[in-house]
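Hi there,

Here is the structure I promised to pass on. Have a look at it first, and my notes follow below.

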Amino acid sequence: MSNSSSSSDTKSSSDASSSDFSRTFKYLLATQLCSRGIPFIVNAVILRNFFKVEDFALYGVQFPLFVNCVLFLSREGFRRACLRQDMKSDGSSTEENIAKIMKFAWLVPPCGIIITTAASGFIFWWKGLSFSEPYGKGILITGGACILELLAEPLYILSQNLLLLKLRLAVETAATFVRCITTAILFGMRVDMGKEIIFALSQTAYGMCLFLGYWVYFLRFRPYRSSALFPFRAKDKKNYDGELLKMCELFALQSCVKLILQEGQNFVLLQWATYYNQAVYGFVDNLGSLVVRMVFLPFEESTYATFARSASGKDPDKDKRLGSSLTEALKLVLLIGLIFMAFGPSYAYSLIRLVYGQKWSDGEASTALGYYCFYIIVLAMNGTSEAFVHAVAKKNQLLWSNLPSVLITIIYVVLNILLVNSAGAVGLILANSLNMILRIIYSGAFIKHYFQDSSSFSFYKCLPEGWKVLLFSGITTIISERIFLDRKNFWATFVVHFTIGVTCFCTSAFVIYQQNHSLINRIIPINKIFPSINRIVRFRDHSD
């Protein structure tokens with residue numbers, strides 16, 4: 001009887017964990033679809049009509065690199081540390097837990113102001129800028145936009161801990177829409193303004209919307225006292241959580257290394273590549289990473305939150321739940337990555353030709369995008385495996401992980417410098433792929449050691465069913481592109497190539513869903529949207 005009860009508790013705990021993950025992932029996916037899908041449409045119009053290829057170096061690499069560096073260094077360590085906290089595990093009241101987290105979250109804005117000032121000063125010194133130049137004005141305005149966004153960061157961290165996913169969806173969608181409208185209006189009116197300032201003003205509109213969205217919500221609609229949201233009283237300052245402080249310091253240190261791994265190729269581009277190579281890589285990275293940002297980024301965030309909550313609890317079966325969750329997560333990202341590997345390289349040229357025009361498709365961009373489709377799968381595997389490591393590793397393990405990270409960083413930078421000179425944008429993608437493989441090897445070694453005394457996880461179980469049909473589809477579409485697609489007679493031959501691709505994709509989708517429907521339905525409830533699909537699958541299962 002007790003065994004039955006224990007089994008029931010474990011199952012309900014696992015179901016609850018799966019439900020939390022599914023809910024988190026769906027809202028984050030919707031957020032990314034809105035925040036990345038809207039810019040995709042606006043950028044397609046702008047790149048097709050207002051940009052030369054070389055001009056995109058500024059819009060796609062240089063200014064985004066400045067924004068990413070400032071925001072990442074200012075907030076990543078605090079985000080990671082605060083999201084590891086389980087607000088229900090110690091028996092404290094909700095407001096006490098909020099105050100504990102907010103004491104650290106409010107360190108983000110002052111750190112951000114210091115980092116923004118230092119980064120802006122460095123760029124002015126490095127490029128020899130003056131305040132009257134459009135580039136200098138753009139940097140100053142963009143720095144102000146970063147500070148606006150960082151002023152909203154403490155409330156963003158709180159919203160993530162409270163799982164206020166609808167709030168993030170609404171705020172980020174509105175902010176993205178306002179940024180795109182600002183960009184479109186300024187370009188459409190053909191105002192006498194440099195592209196640097198247009199980018200900076202659109203980024204300011206985005207930061208202002210984030211700031212207003214989170215502040216208005218928490219000040220007007222949440223029943224928390226101001227002493228919990230703003231724990232700045234003298235007696236509150238003395239009661240810092242020592243363990244959380246150490247985790248913030250540790251993750252802040254790791255964020256410096258991770259920034260080089262994440263943005264190292266852009267640093268190399270600025271120093272060693274031509275404006276054309278910068279523009280091509282920036283274009284391919286923005287287009288190719290749509291799937292990364294829209295699918296894998298929310299997936300990584302939700303898996304990290306799920307792993308962290310499971311690891312922080314005291315459930316005796318937590319290793320079993322962690323193993324099951326990790327297996328399903330890796331299986332799903334591998335499946336999505338294999339789909340892009342199968343169809344991406346064969347249709348990269350066609351996609352760019354259709355959306356952005358011949359000036360982009362006939363250059364290096366289509367080749368680089370084809371290679372990027374292979375890079376996507378290792379990027380996805382690394383994101384999920386590192387999310388697990390950062391969620392479950394103890395402080396001393398995280399500390400020791402800095403050593404291989406530094407070594408991988410050095411190898412990565414050297415590879416970038418060597419390959420950008422010999423292979424341009426394609427070389428950078430290859431360097432990134434090798435970097436991700438090295439990081440996956442390290443994370444894999446940690447995962448294997450973590451589950452060494454348990455049979456709840458095996459890398460072999462992570463291989464998704466249906467990979468053979470994707471292999472066949474990939475070979476078929478590559479042959480189709482070589483035989484049927486004629487770039488000089490594009491429109492007539494594209495129809496044949498596209499038809500073959502659609503046929504292969506529909507066949508692959510049906511086979512994959514038939515073999516993985518239980519896994520897919522736990523993440524995305526397709527059976528509720530299309531009930532007839534399950535009847536077809538059940539019929540095929542019985543007929544087999």
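Which helix does Ser324 lie in? Ser324 is part of helix α13; helices here are DSSP runs of H or I with at least four residues, strands are runs of E with at least two, and both are numbered from the N terminus. Before the rest, a word on the source: this is a predicted model, in which local features need pLDDT of at least 70 and side-chain atom pairs count only at pLDDT 80 or more, while totals for chains, interfaces and linings use all residues. Residues are numbered from 1 along each chain as its sequence is written, and side-chain values use heavy atoms, with hydrogens and water left out.

Overall picture

The protein has 21 helices and 0 strands. Of its 544 residues, 51% are buried, where buried means under 20% relative accessible area, exposed means over 50%, and partly exposed is in between (1.4 Å probe, protein chains only). Taking contacts (heavy atoms within 4.5 Å) between residues at least 6 apart in sequence, 83% join residues at least 24 apart.

How do α13 and α18 pack, in angle and axis distance? Helix α13 (residues 318-355) and helix α18 (residues 467-484) meet at an angle of about 5°, with their axes 8 Å apart. The axes are lines fitted to C-alpha atoms, for helices over the stretch in contact, and angles run from 0 to 180 degrees between N-to-C directions. That angle makes α13 roughly parallel to α18, as angles under 35 degrees count as roughly parallel, over 145 as roughly antiparallel, 65 to 115 as roughly perpendicular and the rest as oblique. On the α13 side the contact is made by Leu335, Leu338, Ile339, Ala342, Phe343, Pro345, Ser346, Tyr347 and Tyr349, and on the α18 side by Trp467, Leu470, Ser473, Gly474, Thr477, Ile478 and Glu481. By class, the contact comprises 11 nonpolar, 4 polar and 1 charged residues; Ala, Val, Leu, Ile, Met, Phe, Trp, Tyr, Cys and Pro count as nonpolar, Asp, Glu, Lys and Arg as charged, and the others, Gly among them, as polar.

Ser361 lies in helix α14 (residues 358-361). With 0% relative accessibility, Ser361 counts as buried. Leaving out residues up to four places away in sequence, Ser361 touches Tyr349, Ile352, Arg353 and Ser366.

Helix α4 (residues 108-127) has 20 residues and spans 28 Å from its first C-alpha to its last, close to the 28 Å expected at 1.5 Å a residue; the expected span is 1.5 Å times one less than the number of residues. Which residues of α4 are buried? They are Val108, Pro109, Gly112, Thr116, Ser120, Ile123 and Phe124. These cover an arc of only 120° around the axis, which puts them on the same side of α4; the arc is that of the directions from the helix axis to the C-beta atoms. Ile114, Thr117 and Trp125 are exposed on the face turned away from that buried side. The cover over the buried residues of α4 includes α2 (56-83), α3 (94-105), α5 (134-151) and α6. Just after α4, Gly128 takes a positive phi of about 65°.

Helix α5 has 18 residues and reaches 26 Å between its first and last C-alpha, close to the 26 Å expected. Its buried residues, among them Tyr135, Thr142, Cys146 and Glu149, pack against α2, α4, α6 and α8 (195-220). Leu151, also in α5, counts as partly exposed at 28% relative accessibility. Leu151 is in contact with Trp106, Pro109, Phe211 and Trp215, leaving aside neighbours within four places in sequence. The C-alpha atoms of Leu151 and Pro109 are 5.4 Å apart, with the residues 42 apart in sequence.

Tyr214 lies in helix α8 and, at 2% relative accessibility, counts as buried. Beyond residues up to four places away in sequence, Tyr214 touches Ala152, Leu155, Tyr156, Ser159, Leu167, Arg168, Val171 and Glu172. Finally, Leu163 sits in the loop between α6 (153-161) and α7 (165-188), and has a positive phi near 55° in a residue other than glycine.

Best wishes
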